[in-house]
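This report goes through one structure by topic, from selected side-chain pairs to the ligand and the backbone. Please look over the sequence and the model before reading on.

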Amino acid sequence: MIPSSFESAPFGRSAQDDREHVCIITLDNPPVNALSFVYCAKLLAEIEAAEVDESVSAVVITGANGLFTAGADVNDFNSEPLPETKTVRDVIAAIERARKTVVAAIDGNALGGGVELALACDYRIATPNAKLGLPEIRLGLLPGAGGTQRLPRLIGARPALEFMLKGSSISAERALELGIIDEITPAAELIERAMTTANGPKRRLSERNAIIAKELPAQAGPFVVAQAHKMVPAEAKGGLAAHKLIDAVQASVELPFNFGLAREARLFDELVRSKPSQALRHLFFAERELSKIPPSLSSRAESRDAAEPLPIELAGVVGAGTMGSGIAITFAQAGIPVVVVDNNDEAVDKARQTVMGMFMYQVQKGKLTQEEAWKRGQSIRFTDDWSELAEADVIVEAVFENLDVKREVFRKLDAIAKPQALLATNTSTLDIDALAQATKRPDKVLGLHFFVPANIMPLLEIVRGRETSAQTIATAFNLAKKLRKKGVLSGNAFGFIGNRMIFDYVREANALAEEGVTPARIDAAMREFGFPMGPFAMSDLSGLDIGLAVQKARGPEANGRTNVLERLVGMKRLGQKTMAGFFKYDKSVGKGREPIADPVVEQLFAEEARNAGIAPREASDDEIRERLLSALVDRGQKLLEEGIALRPGDIDIVYVYGYGFPPHHGGPMWYASTPGVILRSARSARLEGQKVPTHA
Ligand code: T1G
C-alpha cells in the first residue's frame, strides 16, 4: 500500500470519482522540502508505486510547509553520490517515463531542482503567491537536472538563459508570461484544479514529448550563446558557472535532448567540484548561521525567552546626513515608517531630495509604482522636534563621528524614548559602552553599523556592548532580516570586524607603496583577484581626511612608517571628493570616478620612504595579493580569538557583503583555508620580500 499522502480508486467513474483516483504526492521534508538524496529515494518509490498502481489514474505533485521545494539539498554536494544514490535526476526520469499524466501544483517557493521537476511534468499550475527560480548560479552551479535542456525548449534560448543567468526568483504572473507555468489558480483551489487537470484529456502527454523532441530554430541559437558569453564575467572573475551554463544551453540548441542532458550533467559535475562553487556554498550556509547566537553571549540573568525579539513598527533616525537619509530610506523600503530628526534645515532639504530622488529612480527602473514611491516618501517624516521620537521602537543615531557629540545625543534620547525602545548608533569605530553609560538602559543600547550607501549595501554590523541584552540582539537580527540586510554580530572593539581588518589591509598597501610599488599596480593586483576596486581607490572613495582622523583616533600603534597620508590631507587631496587623493580624478574620465595614476603621489611615497630609510624593491602581483590578503586573515584570526567575531563564516559574510571581497573566493577566512592557498603572515611575507635585494 502506498504511504498516506496518496489517494486511489478504480477507473470508469464520474469526474468526482476520477479525482479520487488521482495520487497526490506531497513534497514534505521540513524545513524547505529539500530534495536530498535520501528524500529523493522515497519520492522515487512513491512515483513508481503510483505508476504501477492500476487504481491510480494520474498524479499531482505538490508541496507542504508553505512551499513547493527549495530544490536539491545543497549539503549533498559536499559528498560524492554513491552508484545506488537516488537524485533529483532519477525522480525526473521516473516522471518522464510515466504513462500517467503528472501535474505540478506549485504554491510558495519552487527553486532549482523543484522547477526542473515541474518542467518534467505534463502541466504546471501555480498559485498567485508562487515564486519560481533557478538560483543555481548563485551557488556556482547550473540547473543540473535537465533545466538547461527543457527550459530553452519550452520558452526559447534567450529568455531561458536570462532567467538562469540571473538566478533570481520570478512571480507566478511572470512565469505564466514566459510560459514556464501553464496556469495560475487561487491557493484554495490549487489541488482541486490540479486533480481535474490531471484527469483531463490526455493531450498533455503528447505535448510533453513534443517539448523534448522540438528542435529550436538554429539561427537563434549561436547569436544568443555568443552574445551571452560576452555579457558574463570572465571565469577568473567569478564567471565560471555562467560560461558553463551558456555551454549547456548551447547543447540544448545544437544537440538532441539526451545528448544535451549528458553534456549538462558533465558540466554540472565539473562545477560541483570547482572552488568557486565550494566557496559560494560556504557563503550560503555561513549566511544562515549568522543569527545563531551562542547562549554564552546572553547575560546569565536572562532567561531563554527573554531573547524574544521586540516588535519594530516605528523607527527614528537622528541626523539627516548621507548615512541618516540612507538609513531612513532603508526603513521605508521595509515598510517601517520613520521619523528623522535634524535641526539643520539645509541638511533636511537635501535629505528630502535624496529620499524622493531614490524612490523616483526606482519608479524609472520599474521597481516601484508612482503610488508606492509616493507612499514610501510619505512614510519618512522630517522634523526638528525630538519629542516626535517618543513612540519609536528603535532610534538610530547617525550624527557626526565624535564621542562627545554622540554621548549628548544618547543622553537626550534616553530621556525622550519610550522605556522598551532600542537606542542604536551608526558609529563605525566608537565605543558602544561609552554611549550606553550615558543612558539608564545600557541593555537596550547597541551599534547598528550600516555601510555607504545604507539603502544599497547589504551588510549590517550588529555591535553588542558589555550590557546589551540577548533580547536587544535578537530584535536587531529580526530587524536586519526585515531590512533585507545580512546582520553580523560583532563585539565592541575599535572598528568592530570590517573596519578593524581593513585598517591592516590598508596599512599593508601603504607599506608596499613605501617600498616603491605604485598605488596603481597594487590596486590592479587586487582588482585582478576580483575586488571591484583596490585599497587606494577605496581610501579615496571614503575620504583621506576620514582615514587620517580614524588613524589618529587609533593612537600610535596605527601610525605608519611614513607621513604620506598626513601630507596628502595637508595638500587638500582628500580623495574623490576633491578630485585628488592617492589618485587624481577627471570629470571627463569615468564620470570623475576613474582613478588616474599621479606621479606626484608616487614621488611623495619615494621621498617619505627615503626619509624613513625604506629601501625600494620589486614585488610581484602574487606577493602584493598575498600580503594584503594575509593582513586581512591575520587580523580576522585575532578577532576570532578575542571573541569580537563569532565564526570565520561571519567574517567572510562581512567582507563579501560589505567590502567587495569576491564571492567566488568565499571571503578571506574561507580563502585562506582553501587547499592550495598558502598565505604566510603579512609580516613574514614582507620580511621575506625585503631579503630579496632590489636589483638581484
Ligand atoms: N539545501 C539544503 N538546505 C537548505 C536549502 C537547500 N536547497 N535551502 C534552505 N536550506 C536550509 C537553510 O540552510 C536553513 O537551515 C533552512 O533551510 C531555512 O532556510 C539539481 C543543483 C528556500 C527561499 O539555492 O533560497 O537545486 O539554518 O533560513 O529565509 O539543479 O532557503 O535552519 O539549519 O534560508 O525562509 C537550489 C536555497 C539548490 C535555494 C527559504 N536552491 N534556499 O528562505 O529560510 S541547487 C536554492 C533559499 C539545485 C538542481 C540544483 C531559501 C528559501 P537552518 P532559510 P528562508
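## A pair between helix 8 and strand 8

Arginine 193 and glutamate 183 join their side chains in a salt bridge, at 2.4 Å from N to O. A salt bridge here is a side-chain nitrogen of Lys or Arg within 4 Å of a carboxyl oxygen of Asp or Glu. Arginine 193 belongs to helix 8 (residues 190–198) and glutamate 183 to strand 8 (residues 183–184), so the pair ties together parts ten residues apart in sequence. Helices (H or I, at least four residues) and strands (E, at least two) are DSSP runs, numbered from the N terminus.

Glutamate 183 is buried, its relative accessible area being 14%, whereas arginine 193 counts as partly exposed at 30%. Buried means under 20% relative accessible area, exposed means over 50%, and partly exposed is in between (1.4 Å probe, protein chains only).

## Basis of the model

The model is predicted: local features need pLDDT of at least 70, side-chain atom pairs count only at pLDDT 80 or more, and totals for chains, interfaces and linings use all residues. Residues are numbered from 1 along each chain as its sequence is written, and side-chain values use heavy atoms, with hydrogens and water left out.

The mean pLDDT (the predictor's confidence in each residue, from 0 to 100) is 90 for the protein, and 90% of the residues reach 70 or more. Over residues 1–14, pLDDT stays under 50, and the model has 37 contacts beyond four places in sequence for them. Residues 692–696 also have pLDDT under 50, with three such contacts. Contact means heavy atoms within 4.5 Å.

## Overall make-up

The protein has 29 helices and 16 strands. Of its 696 residues, 55% count as buried. Among contacts between residues at least 6 apart in sequence, 72% join residues at least 24 apart.

Accessible areas come from the Shrake-Rupley method with a 1.4 Å probe; for residues, only the protein chains shown count as cover.

## Other salt bridges

Side chains of opposite charge can pair when their charged atoms come close. The whole structure holds 42 salt bridges. One of them joins aspartate 269 to arginine 89, with the closest N and O atoms 4.0 Å apart. Aspartate 269 is in helix 12 (residues 257–272) and arginine 89 in helix 3 (residues 88–97), so this pair ties together parts 180 residues apart in sequence. Aspartate 269 is partly exposed, at 31% relative accessibility, and arginine 89 is partly exposed at 33%.

Glutamate 508 and arginine 627 form another salt bridge, with 2.8 Å between the closest N and O atoms. This pair links helix 20 (residues 498–514), which holds glutamate 508, with helix 26 (residues 621–641), which holds arginine 627, across 119 residues. Both glutamate 508 and arginine 627 are buried. They belong to a network of salt bridges that also includes Arg507, Glu514, Glu515, Arg561, Arg617 and Glu623.

## Surroundings of the ligand

Which residues are closest to the ligand? They are Ala70, Glu116, Gly144, Arg288 and Lys292, among 26 residues that surround the ligand. A residue is near a molecule if one of its heavy atoms lies within 4 Å of it.

A backbone N or O atom of alanine 70 is 2.8 Å from a nitrogen atom of the ligand, and one of valine 74 is 2.9 Å from a nitrogen atom of the ligand. Glutamate 116 has a polar side-chain atom 2.5 Å from a ligand oxygen atom. Taken alone the ligand exposes 990 Å², and the protein buries 73% of that. Strand 4 (109–111), helix 4 (113–119) and helix 13 (275–289) each give two or more residues to the shell; helix 13 gives the most, with three.

## Backbone exceptions

Most residues other than glycine have a negative phi, and most peptide bonds are trans. Proline 30 and proline 31 are joined by a cis peptide bond, with omega about 5°. The bond from valine 452 to proline 453 is also cis, with omega near -15°.

Arginine 484 has a positive phi, near 55°, and is exposed at 74% relative accessibility. Phenylalanine 496 also has a positive phi, near 50°, but counts as buried at 0%.

Note on methods. A polar contact is a pair of N or O atoms within 3.5 Å; within protein, one must be able to donate a hydrogen and the other to accept it, and residues adjacent in sequence count only if both atoms are side-chain atoms.
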